[in-house]
Amino acid sequence: MRERLKQIIAEEDKRNPLTDEQIARKLNIRRDEVTVLRHELGIDDSRKRRMPVLQKEMEALLSRYPDISNRELTNQLKQKGFEVSRFTVLNMRKEWGALSTGVHPEKGRFRRKQQAAGAAATFSAIIGAKGSLKAAIQQVQAAVLYPPNGLHTLLFGATGVGKSRLAEAMYQYAIEQGVLKKNAPFVLFNCADYAKNPQLLMSQLFGYVKGAFTGADQEKEGLVDKANGGILFLDEIHRLPPEGQENLFYLIDKGVYRRLGEVDFQRRAALLILGATTESPESSLLLTLRRRIPMTVELPSLAEWSVKERLALIFHFFNEEVDRIGKKAAVEKEVMEALLSYDCPGNAGQLHSDIRVLMARAFLNSISGEEEIVQVRQLDLPPQVAASMAGSRADLPMLKKERYLFVPGQQSLPVETEEPDEGITKLYEWIRERYENLRAQGQNKDLINLIVSRELKSRLDESAGDGKERVEERLLQLSKLVGERVVQTVEQMLWIAEKHLVFDYHRLLYVLAIHLKGVLDRFRASALPAADDDEAVETDSLAFHVAREMSKVVHTMWGIELPDRELSFLAMYLSQSDRRVSAKPMIGVVVASYGQVAKSMVEVAHRLFEKRYAIAVELYWDDDIQQAVERIGQAIRQADQGSGVILLADMGTLFLKEAEWQDTFGVPTRVIAPVTTSLVVEVLRKCMYSELTLRQLADDLSPGIGVPQPALSEPETKKEKAIVSVCLTGDGAARRLSSLLQERLGPRAGQIHFLNGSSLSIRKKVMTWQQQYEILAVVGTVNPMLEGVPFVSMEEILDERGLGFLKRLLTVRDGAEWRVDSTKPVYLHDLVKPELLFESLAATSKQEVIEQLTHALLANGYVKEQFAAKVWEREALGHTHIAGYAAIPHAESTQTIRPAVAIATLPAPIEWEPGVMIRCVFMLAVNERCQPAIEELFERITALSVTDAQDPLSPADVLARILQHQY
């Protein structure tokens with residue numbers, strides 16, 4: 001494959017080198033595989049491979065015709081065989097000063113960057129260095145300078161806070177200070193890129209020996225080899241599998257490692273390891289590895305930055321964008337206000353992305369309007385940013401101008417520039433070319449703007465990655481609509497289906513959840529057809545057999561036997577999850593109501609299905625009947641595709657009889673009232689995923705489908721959730737598997753019980769356990785074939801796929817499981833939990849005690865991930881010891897999920913503060929209802945110190961006295 005790739009590139013047209021996508025098609029492999037191979041062979045991308053040839057030709061043309069226009073220069077290059085746009089020529093011509101002096105543009109940029117970095121301002125150039133990031137920068141400076149070769153460091157923070165940039169700054173600083181040589185390597189590796197293939201990840205990181213796996217026909221060095229003598233930066237280090245963390249531990253601890261396929265740790269490397277993670281290190285990294293990375297630096301979210309710092313960041317991003325498009329930009333004050341004040345959960349990364357979307361839209365408008373300056377207006381704001389304009393904005397006195405002008409090449413604020421983003425540059429180039437192509441076709445400006453705007457939205461949506469936040473938002477909305485238990489049931493059903501079929505997982509999740517909710521509602525009303533329904537059903541297909549297996553989950557969870565007709569529906573969804581059932585025109589949907597009720601219902605449905613299909617009609621109380629009828633009628637005509645329209649209306653909008661709507665507007669119309677969000681979602685599902693006619697669809701909708709109904713009867717005592725770990729010969733390995741799962745699941749593990757057993761007798765045990773627990777899944781090496789209970793293999797746990805499934809099952813989407821009576825007082829016996837009691841805790845310092853107790857609270861789901869940091873913040877404010885022998889570390893109540901107290905006695909006293917020796921620690925996770933419990937605990941602690949001051953009790957005695965009568 002390598003030789004074939006080199007041959008293809010050697011034979012390509014040097015004026016128009018092949019892209020990775022084109023090479024992939026020739027080799028019949030994925031594009032990302034081409035990219036990896038090309039990097040391994042040290043071959044540049046197509047743009048860089050073309051640069052010398054294009055540069056030489058441009059130099060010749062510009063030497064002969066120095067005043068040639070960009071249009072003519074582009075035409076001349078095209079005549080010579082170059083497939084090049086005017087936008088590319090424009091950008092390259094800006095480099096003419098560099099070209100004429102013989103300096104390569106890329107080298108010129110690199111030299112300027114090196115000169116900027118050469119100053120001692122590596123960190124001071126970072127926005128926030130003197131404010132929000134000051135503490136973090138002081139920590140990383142100390143880590144770099146720590147003798148002899150620096151401290152391994154973990155950068156921790158939410159997505160988009162700047163972990164990668166800080167890692168690069170540490171590298172530059174290490175070179176400036178002589179900690180690393182000038183040519184020391186800086187190697188970046190994102191562990192998430194290969195997280196689903198642990199073997200490939202390990203081979204990339206540590207290399208492999210010949211024969212390590214099929215296809216390993218020669219030895220290959222890994223990134224550890226390449227980073228030797230420098231820095232290895234592991235982004236998303238929490239995605240590193242346990243074996244990889246173990247190898248990393250040996251590398252840090254002993255300076256040795258092994259390649260894939262080797263038995264002994266026999267290779268040596270000296271390097272500084274930097275890791276970055278968005279998850280709590282306590283829940284995502286092995287304890288052995290955490291102890292070998294002594295420096296943990298937490299970066300603040302954008303919400304914690306000052307307004308002045310955020311403004312500097314906004315200016316920096318605008319400066320970048322005007323440099324890319326090569327035009328001035330004028331930004332309205334209202335735009336700056338919105339960017340400064342809106343909630344930005346994706347932090348600086350999202351802010352940067354939103355400004356790019358904003359500039360792309362404004363750039364398109366400037367082309368259509370033939371404007372010299374790009375006008376960035378409030379109307380160009382992305383929806384989530386524009387939404388902030390509706391609320392009350394904070395007072396922003398620093399914004400004194402009505403417009404802010406940004407000029408290419410001029411930095412409005414003294415901030416460091418970054419390397420150009422090729423993808424974004426190409427986006428602006430695409431906008432310009434697409435606009436000119438449509439204009440050449442004779443299209444008018446309004447139509448061109450509409451076409452390009454829609455295509456631009458599609459491109460920007462694709463560039464937003466996997467849309468994790470959007471997916472989670474849709475799941476939350478779905479859970480509120482149908483219930484968390486229904487969503488959990490469908491998750492289990494799809495896990496079984498994925499073993500046999502390929503389908504669009506997320507789309508099918510939403511459709512099946514809504515369908516199952518309807519099935520359960522009909523079961524409540526005894527409206528399910530009998531199992532011996534006369535209707536003929538195709539039962540021989542693979543999809544039907546898979547549907548039958550899925551139905552066993554419904555039986556286990558809800559006690560319902562689904563008839564063959566319902567199984568045929570499941571089979572149809574499985575087969576058609578990624579496309580319309582047929583090519584026939586869809587039935588139109590119109591939702592009408594007074595006020596914005598209809599609009600909000602339709603938006604919920606659109607978010608779930610990611611398809612804008614239904615039309616919402618808002619009516620006003622001062623409308624006369626004729627106006628209201630005409631407005632609804634226009635929507636009916638617009639929605640009709642030839643198959644008629646369903647009109648969903650509240651009772652106040654039934655102005656005409658059903659037949660009158662058809663007679664008046666010439667469209668077959670069926671009316672259903674009253675309208676609810678559930679009804680809108682169900683109608684859209686049936687329109688998109690069934691072949692029902694208009695009449696059948698209207699008749700098929702049960703009268704009470706959108707009306708809230710009581711839940712299906714469940715056990716009087718709600719069963720607690722459990723996961724069963726099973727091995728072939730005994731429960732020893734099963735216990736170890738349970739321990740691994742608890743560590744990998746992190747805080748979610750606190751919600752469930754872990755049950756262990758041998759596959760030789762597991763069926764009998766499960767029958768007993770199911771009387772007490774709701775068993776979510778069985779995990780192990782052998783599938784015990786339990787009906788209605790999903791099985792997750794060890795291989796699926798290790799490659800993250802199975803772990804992701806378990807995490808989804810344990811995600812409490814609507815918070816129902818944590819609901820408590822907010823007025824009921826909490827007493828000491830309510831706080832004491834068996835899993836949080838530690839007699840003779842193996843800890844010799846205050847830091848170890850706090851670390852172990854916070855980990856216990858976090859792992860069992862009592863506190864949030866920031867709890868530990870908040871405990872240390874409280875410790876800095878003043879002492880937390882009482883009665884001469886006890887400490888009560890705690891954090892603010894906002895960090896508590898469920899109130900509890902972690903109690904530890906120590907085999908020997910430790911120094912809590914200078915001169916204060918502690919032998920018992922009570923770590924409090926409390927809220928506003930816990931005052932009675934706190935008072936009771938204080939009384940018992942002080943009473944114990946008085947009675948036993950002269951005769952210290954053993955750890956066991958201390959626990960017994962403090963906790964007397966607690967159980």
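Reply:
**From one residue to the wider chain**

Leu-62 has its place in helix α4, which covers residues 46-64; helices here are DSSP runs of H or I with at least four residues, strands are runs of E with at least two, and both are numbered from the N terminus. The model is a predicted one, in which local features need pLDDT of at least 70 and side-chain atom pairs count only at pLDDT 80 or more, while totals for chains, interfaces and linings use all residues. Residue numbers start from 1 along each chain as its sequence is written, and side-chain values use heavy atoms, leaving out hydrogens and water.

Leu-62 counts as buried, with 4% relative accessibility; buried means under 20% relative accessible area, exposed means over 50%, and partly exposed covers what lies in between, with a 1.4 Å probe and protein chains only. Along the chain Leu-62 and Leu-73 are 11 residues apart, and 8.4 Å separates their C-alpha atoms.

Glu-484 is found in helix α23 and counts as buried at 11% relative accessibility. The C-alpha atom of Glu-484 is 9.9 Å from that of Ala-513, which is 29 residues away along the chain.

An open sheet of four strands, with parallel pairing, has the order β16-β15-β17-β18, where two strands pair if DSSP finds at least two bridges between them. At its edges are β16 (752-758) and β18 (791-793), each of which pairs on one side only. Neighbouring strands of this sheet are turned by 25 degrees against each other on average, with direction ignored. Helix α23 (residues 484-498) packs on this sheet and touches β15, β17 and β18, and its direction makes about 25 degrees with that of β17; contact means heavy atoms within 4.5 Å, while axes are lines fitted to C-alpha atoms, for helices over the stretch in contact, and angles between N-to-C directions run from 0 to 180 degrees. Within the sheet, seven bridges join β15 (residues 720-727) to β17 (residues 773-780) in the parallel sense, and Ser-725 stands opposite Val-779 in β17.

Strand β21 (residues 886-887) pairs with β23 in the parallel sense over two bridges, and Ala-887 has Val-921 in β23 as its bridge partner. Strand β22 (residues 900-913), in contrast, runs antiparallel to β23 and is joined to it by nine bridges, with Val-901 opposite Leu-924 in β23. The hairpin of β22 and β23 has two residues between the strands, and in this hairpin Gly-915 takes a positive phi near 85 degrees.

Positive phi values also occur in residues other than glycine. Asn-28 has a phi near 60 degrees and is found in the loop between α2 (20-27) and α3 (31-40), where it is exposed with a relative accessible area of 71%. Glu-236, which is not a glycine either, has a positive phi of about 50 degrees; Glu-236 lies in the loop between β3 (231-235) and α13 (242-254) and is partly exposed at 26% relative accessibility.

Val-629, Glu-630, Ile-632, Gly-633, Ile-636 and Arg-637 in α28 meet Trp-661, Thr-664 and Phe-665 in α29.

Finally, here is the chain as a whole. The protein chain has 40 helices and 23 strands, and buried residues make up 49% of its 967 residues. Of the contacts between residues at least 6 apart in sequence, 72% join residues at least 24 apart. The chain exposes about 47,200 Å², of which carbon and sulfur atoms supply 50%; accessible areas come from the Shrake-Rupley method with a 1.4 Å probe, and for residues only the protein chains shown count as cover.
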